[in-house]
Amino acid sequence: MPDVAIAGFAKAPNVRETAGTTNGVEMLVPIFAEVFAQTGLSKQDIGFWCSGSSDYLAGRAFSFIAAVDAIGAFPPIHESHVEMDAAWALYEAWLKIKMGEVETALVYGFGKSSAGQLRRVLALQLDPYVVTPLWPDSVSIAGIQARLGLEAGLWSEKDLAEVAVRGTGKDVAELLDTPYYADPLRKHDIAPITDGAAVIVLSTVERAREIVDHPAVITGIEHRVDSPVLGARDLTRSPSTEAAAKALDLDGADLAELHAPFTHQELILRTALGLGDGVKINPSGGALAANPMFSAGLARIGEAAIRIHRGESRKAVAHATSGPALQQNLVTVLEAR
């Protein structure tokens, strides 16, 4: 089976609110043009297209079909979609190339979180019989997770603030002096509501070498799922991330892009992946800087890849999550060759 590499990455501006429709077309058209200019490819060169988004977020059925308008009506395309973060769309596209069905693929994800009440929308991914009717929002669930870790002595509020310092420009004392938003979380502990989109071009390594000087070769990719029942797992750990990491070779990684929408979740992921002090964490700012739903995980992979393209990293780990309290996790290893 052929090796697969990332040959291109582009993302839309991450903003609090965008104008236009909820189908993503306005965000996607410019970044499709950007990634084609970056790689020298055209629509005709793409063998497979795969997207990640959510009809719940858009507020209408089959919104992802409307997003295909950004690609254009001709020539006909081979297209698929996953109803979750586009990191999982990348996994599907990776399999297409590994199986020899296509040589190139374009993966994209988009989400306009500002169109609705995100914290309530995300409650719909919980148990529909006994949990969703209570409408526990995503931030409150994360607050429960953070509180469990505090009471277990696994981290302190100072530890959370030290994670947030990276993107706020404030010191720890200033952050700890701010009021709680969802006790024990403060606003700086929580990813902002963000509209955004991202796109990645995948290809065989041979084709990628024609496109970019330093292809980011995918040397491993694994995803695992924990129970959706919040009371059935230890929320202070991420067993699915730990299991994915055990199936991969993470030794020698010098950079990690972690999809952690809350400060304490970054601490959980660092432990689950066994990342030491020598690994640079989230040089892009991560989800705490911008968390566009359904493209933030894909963006973590893209952000890791471009640092390999630039020669800034030799081996990088990229992580994506979906579901409440780190329920589903995908880990990708990228290397320069």
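This is a predicted model: local features need pLDDT of at least 70, side-chain atom pairs count only at pLDDT 80 or more; totals for chains, interfaces and linings use all residues.
Setting aside residues up to four places away in sequence, Leu202 touches Val4, Ala5, Ile6, Leu90, Ala93, Trp94, Ile97, Glu103, Thr104, Ala105, Val107 and Ile218.

## How H6 meets H11

Now for a pair of helices. Helix H6 (residues 138–151) packs against helix H11 (residues 263–273) at an angle of about 55 degrees, and their axes are 9 Å apart. Because of that angle, H6 counts as oblique to H11. Their crossing is left-handed.

On the H6 side, the contact is made by Ala142, Gln145 and Ala146, while H11 brings His264, Gln265 and Ile268. Sorted by class, the contact of H6 with H11 has three nonpolar and three polar residues, with no charged ones.

## A closer look at Gln145

Gln145 sits in helix H6 and is one of the residues making the contact with H11. Is Gln145 buried or exposed? Its relative accessible area is 0%, so Gln145 is buried.

Which residues is Gln145 in contact with, leaving aside its neighbours within four places in sequence? They are Trp155, Leu235, His264, Gln265, Ile268, Ala325 and Leu326. Among them, His264, Gln265 and Ile268 are the residues that H11 brings to its contact with H6.

Conventions:
Residues are numbered from 1 along each chain as its sequence is written. Side-chain values use heavy atoms; hydrogens and water are left out. Axes are lines fitted to C-alpha atoms, for helices over the stretch in contact, and angles run from 0 to 180 degrees between N-to-C directions. Helices (H or I, at least four residues) and strands (E, at least two) are DSSP runs, numbered from the N terminus. Angles under 35 degrees count as roughly parallel, over 145 as roughly antiparallel, 65 to 115 as roughly perpendicular and the rest as oblique. A crossing is left-handed if the near helix is turned anticlockwise from the far one by less than a right angle, and right-handed if clockwise. Contact means heavy atoms within 4.5 Å. Ala, Val, Leu, Ile, Met, Phe, Trp, Tyr, Cys and Pro count as nonpolar, Asp, Glu, Lys and Arg as charged, and the others, Gly among them, as polar. Buried means under 20% relative accessible area, exposed over 50%, partly exposed in between (1.4 Å probe, protein chains only).
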